[in-house]
Amino acid sequence: MTDRKRTTAIQVRVTEQEKRKLERQAKRCGLSLSGYLRRAGAGKPSTVFPSQRFRELYRQINGLRDNLATQPMERTAAQLDELAGQILTAYTSEGTDDGDN
């Protein structure tokens, strides 16, 4: 962050629902609402951080990769099927509270 002090405010009217949605999006990006709106207004992308659930699934996939040579292929295939189902479930339930999915 720069050393510039922000002293000018911009007022924007939104509905309560719009405000909640903006706050959720900012939180998903790891930003304050002001930071999120500044980035959006400047045309800068705001990357959504993956949820803890996705990070855990990623860790499990890497563990499977590390064990490919040490376990039977059928077991690996079954574990991959299970992880694929978990990823699909996590993906389809991520962010469903904002009404746009």
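Author: Here is the pocket, then the chain around it. The model is predicted: local features need pLDDT of at least 70, side-chain atom pairs count only at pLDDT 80 or more, and totals for chains, interfaces and linings use all residues. Residues are numbered from 1 along each chain as its sequence is written, and side-chain values use heavy atoms, with hydrogens and water left out.

The largest pocket has a volume of about 510 Å³. A pocket here is an open set of points on a 1 Å grid over the protein atoms alone, where a 1.4 Å probe fits, with protein on both sides within 12 Å along at least five of seven lines. Its volume is the space filled by probe spheres set on the points, which are joined across faces, edges and corners.

The lining has 13 residues; each has an atom within 4 Å of a point. Closest to the centre are Ile10, Val12, Ser34, Leu37 and Arg38. Helix 2 (33–41) and helix 1 (16–28) each supply at least two lining residues. Helix 2 gives the most, with 5. By class, the lining has 7 nonpolar, 3 polar and 3 charged residues. Nonpolar covers Ala, Val, Leu, Ile, Met, Phe, Trp, Tyr, Cys and Pro; charged covers Asp, Glu, Lys and Arg; the others, Gly among them, are polar.

Now the chain. The protein chain has 4 helices and 0 strands. These are DSSP runs, numbered from the N terminus: helices are H or I, at least four residues, and strands are E, at least two. From the N terminus, the order is α-α-α-α.
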